[in-house]
Amino acid sequence: NSTTQADDYFTPYIWTGNGSNPRAFTDVGFQADWIWIKKRSGSGTSHHLLADSSRGDGKTMLGNETNVEATNDINGTVSDTTTSGGFTVNAGSTSAEMVNDNNDTYVAWLWKMNGGTTTAFTESGNNPGGTHQANTTAGQSIVTYTGTGSAGTVSHGLGAVPDWILIKNRDAARNWIIYHGENTSAPETDFLILNTTAATADNDVMFNDTAPTSSVFTVNTNDGVNTDGEKYVAYCFVEIEGYSKFGSYTGNGNNDGTFVFLGFRPSFIMTKRTNSTSN
């Protein structure tokens with residue numbers, strides 16, 4: 001009986017490229033504040049491309065690589081993250097375009113945050129300063145911050161304890177670091193990496209062995225999360241009944257596999273093996 005539904009805040013979106021540059025998609029139903037694009041079929045291979053309205057137009061990162069933030073359209077970009085009703089892409093300028101190459105097919109996963117409007121928080125001691133753009137109804141936020149190089153806390157703006165956090169260094173070639181609240185019995189002591197097959201690792205240099213709270217998450221001294229003077233982006237999620245679920249399961253090796261109850265029909269599923277290497 002909610003006045004809003006799940007697809008008011010998240011939706012998958014598919015299209016066939018036409019080579020036009022730029023190309024606007026205005027039938028999403030909301031301005032897409034976090035955009036994750038992947039080519040599904042066509043010529044060549046492509047990266048996972050991530051953009052958001054907090055970092056701004058034309059600033060993209062590759063979810064399967066350690067690359068720094070790019071601000072050009074060499075391999076295609078999200079050129080406008082403030083498009084009413086959706087988003088806009090540039091085709092790119094090489095033969096390896098990955099967002100609108102003619103006749104290739106694509107999928108984008110799109111999240112609505114706060115329409116690009118951010119709230120600033122200031123550096124205090126070892127605690128990084130930056131901005132957060134939060135959608136508390138959907139339990140999701142985009143955080144940008146500048147590292148201090150010492151263990152400190154970062155404001156996420158959600159008003160509840162995050163269940164999932166994805167962090168990337170924008171200035172240096174570093175891994176994408178994941179906090180998952182169901183990773184282990186003490187998830188604040190562990191982390192996963194998005195762009196490699198590595199299993200769960202236990203090291204306090206990521207989150208200082210400190211669980212996130214309803215207002216902040218903690219980063220330690222690893223350059224993947226908190227190098228002095230370097231810029232970072234973090235995507236944070238709180239589980240919302242009927243909209244999002246963050247859990248764990250143990251496989252049974254059968255075709256009729258382990259059943260995982262969500263309470264809703266999912267539009268997007270991400271899994272990662274935690275006790276051994278796997279994609």
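1. The largest cavity is lined by Ile165, Tyr179, Phe207, Thr210, Pro212, Phe217 and Thr218. Its volume is about 30 Å³, and a search of the whole structure finds one cavity of 30 Å³ or more. Here a cavity is a set of points, on a 1 Å grid over the protein atoms alone, where a 1.4 Å probe fits but cannot get out, and lining residues have an atom within 4 Å of a point. Grid points are joined across faces, edges and corners, and a volume is the space filled by probe spheres set on the points. By class, this lining has five nonpolar, two polar and no charged residues. In this classification Ala, Val, Leu, Ile, Met, Phe, Trp, Tyr, Cys and Pro count as nonpolar, Asp, Glu, Lys and Arg as charged, and the others, Gly among them, as polar.

2. The model is predicted: local features need pLDDT of at least 70 and side-chain atom pairs count only at pLDDT 80 or more, while totals for chains, interfaces and linings use all residues. Residues are numbered from 1 along each chain as its sequence is written, and side-chain values use heavy atoms, with hydrogens and water left out.

3. Is strand S13 enclosed or open? Six of the six residues of S13 are buried, so this strand is largely enclosed by the rest of the structure. Buried means under 20% relative accessible area, exposed over 50%, and partly exposed in between (1.4 Å probe, protein chains only). Strands (E, at least two residues) and helices (H or I, at least four residues) are DSSP runs, numbered from the N terminus. Trp164, Leu166 and Lys168 point one way from S13, Ile165, Ile167 and Asn169 point the other way, and all are buried. In a regular strand the side chains alternate between the two faces of the sheet.

4. The partners of S13 may be considered next. S13 (residues 164-169) and S14 (residues 177-180) pair in the antiparallel sense over four bridges; two strands pair if DSSP finds at least two bridges between them. Leu166 stands opposite Ile178 in S14, and the bridge partner of Trp164 in S14 is His180. S13 also pairs in the antiparallel sense with S18 (residues 231-237), over six bridges, and in S18 the partner of Trp164 is Phe237.

5. These strands belong to an open sheet of eight strands in the order S9-S10-S11-S18-S13-S14-S15-S16, with antiparallel pairing. Its edge strands are S9 (119-121) and S16 (201-202), each of which pairs on one side only.

6. Gln133 has its place in strand S10 (residues 129-135). Gln133 counts as buried because its relative accessibility is 0%. A polar atom of its side chain lies 3.4 Å from the backbone nitrogen of Gly115. Apart from its neighbours within four places in sequence, the residues in contact with Gln133 (heavy atoms within 4.5 Å) include Asp33, Ser53, Met113, Thr117 and Gln140.

7. Strand S8 (residues 105-111) is mostly covered, with seven of its seven residues buried. Thr105, Val107, Trp109 and Trp111 lie on one side and Tyr106, Ala108 and Leu110 on the other. S8 pairs in the antiparallel sense with S1 (residues 10-16) over seven bridges, and Tyr13 stands opposite Ala108. S8 and S3 (residues 34-41) likewise pair in the antiparallel sense over seven bridges, and Ile35 has Leu110 as its bridge partner.

8. Two loop residues deserve a comment on phi. Most residues other than glycine have a negative phi. Asn103 has a positive phi of about 75° although it is not a glycine; this residue is found in the loop between S7 (87-90) and S8, and is exposed, with a relative accessible area of 58%. Asn208 has a positive phi of about 55°. Asn208 lies in the loop between helix H1 (204-207) and strand S17 (216-219), and at 31% relative accessibility counts as partly exposed.

How values were computed:
A polar contact is a pair of N or O atoms within 3.5 Å; within protein, one must be able to donate a hydrogen and the other to accept it, and residues adjacent in sequence count only if both atoms are side-chain atoms. On a 1 Å grid over the protein atoms alone, a cavity is a set of points where a 1.4 Å probe fits but cannot get out, and a pocket is an open set with protein on both sides within 12 Å along at least five of seven lines; lining residues have an atom within 4 Å of a point.
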